[in-house]
Amino acid sequence: MFKKIILLCFLLFIINSLYANTLNDTLSSLQAISPDYVTQFRFDPLFRNGVFKFGEHFCNFFISNKEGETGYLLFNNQELFDVPLPYNRDGQLTFPESFVATLTNTFTRLHENDASRFRIAAIIIDPGHGGRDSGALGTISANGRNTQVMEKDIVLKVSLALRDRLSASFPDKRILMTRNSDVFISLEQRADMANSVTARDNEAIIFISIHANSATNRNARGYEIWHITSGHRRFLLDTSRHNYSPDILAILNAMLEEEIKTESILLADAILQGFDNGFGSSLPSRGRKANDWFVVRNSRMPAVLVELGFLSNNQDAALMTSDEGLQIFVNSLYNGITNFIGIFER
Ligand SMILES: [Zn+2]
């Protein structure tokens, strides 16, 4: 009898060893849930606590001194499970089977929630003009010398800095540019580029065209944000993905048109607010305006066109060509876009 019990214990030990995972096994099962999500493991030997990171999610737990001890597994500081804890076996960190099952099941569920959540998948930044098309021209005077400045250079500088800020903050989103050097691109090419970006059903892409203004009245100053007019009608549905009757298609299209218009206005307002906060009274707001600009009307997504300021005005031109001024433009755009993302993804 005693021998049988010893044998049974030995068998249980073997089975248990077979069903325990190494750190690499555990990381591979997390990677299998989604190859797009970065998976990481950190361990603090002093406090004997560990953390698995899976995309934006994380879970914390303690590491036991001996096999068989249970404790908590805490996800995103919100969800708690009681599980057998990982332990050290011959100097190797070992993860019990039910620990790994709880880990992968919960992360799978969180991943599925993410996949169905509305999100901005890509941000397209469109610096206006370029190459042989200089855009608006201005002259700035410094130390008794006049220098000519061009819209295409200013908007490229702002766009590149904006791209870097957004890429650093949103590694999970695609931050794209219609041009990132001084080259000529037609308006059709810009709209085509924007429309060729793919997204899933629950994902959106936003388009931000950046320009600088000019007017014969040299006193005209300030920033303004443009979006599509409410009267403009266009066909936005991808018919290759739907085989509904023409009546239904027309209704679906009208709904999509309305949705994109509303989102464009929200985006314009968010950027306007970013500028208001960034500049205060140092640069006047000319508000949100509607016009069917080519790139705005031909990109099938929420789209705005931002006029930073007037190159024909000395104060505005000085702001757009100074390092401090450019920094405020970039911050204002960045804060506005970030706020819009927050509202959209909530
Ligand atoms: Zn322009």
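**Exercise 1. Against which strands and helices do the buried residues of H8 pack?**

Before we start: this is a predicted model, in which local features need pLDDT of at least 70 and side-chain atom pairs count only at pLDDT 80 or more, while totals for chains, interfaces and linings use all residues. Residues are numbered from 1 along each chain as its sequence is written, and side-chain values use heavy atoms, with hydrogens and water left out.

*Solution.* 
- Step 1: locate the helix. H8 covers residues 314–321; helices (H or I, at least four residues) and strands (E, at least two) are DSSP runs, numbered from the N terminus.
- Step 2: pick out the buried residues. They are Asp 316, Ala 317, Leu 319 and Met 320, where buried means under 20% relative accessible area, exposed over 50%, and partly exposed in between (1.4 Å probe, protein chains only).
- Step 3: look down the axis of H8. The buried residues fall within an arc of 160 degrees, so they line one face of the helix; the arc is that of the directions from the helix axis to the C-beta atoms.
- Step 4: turn to the face pointing away from that buried side. There you find Asn 314 and Gln 315, both exposed.
- Step 5: list the partners. The buried residues of H8 pack against strands S10 (137–142), S13 (203–213) and S16 (303–310), and against helices H4 (151–169), H6 (246–279) and H9. Contact here means heavy atoms within 4.5 Å.

**Exercise 2. Trace the salt bridges Arg 119–Glu 203 and Arg 286–Glu 224.**

*Solution.* 
- Step 1: begin with the total. The structure holds twelve salt bridges, each a side-chain nitrogen of Lys or Arg within 4 Å of a carboxyl oxygen of Asp or Glu.
- Step 2: take Arg 119 and Glu 203. Their closest N and O atoms are 2.8 Å apart. The pair links distant parts of the chain, with Arg 119 in strand S9 (residues 119–127) and Glu 203 in strand S13, 84 residues apart.
- Step 3: check burial and partners. Both Arg 119 and Glu 203 are buried, and a network of salt bridges links Arg 119, Asp 172 and Glu 203.
- Step 4: move on to Arg 286 and Glu 224, whose side chains meet at 2.8 Å, N to O. Arg 286 lies in strand S15 (residues 285–290) and Glu 224 in strand S14 (residues 223–227), so the pair ties together parts that are 62 residues apart in sequence.
- Step 5: compare accessibility. Arg 286, at 33%, counts as partly exposed, whereas Glu 224, at 5%, counts as buried.

**Exercise 3. Describe the surroundings of His 211.**

*Solution.* 
- Step 1: His 211 is found in strand S13 and, at 13% relative accessibility, counts as buried.
- Step 2: leave aside neighbours within four places in sequence. His 211 is then in contact with Gly 128, His 129, Glu 151, Val 155, Leu 305, Val 306, Glu 307 and Leu 308.
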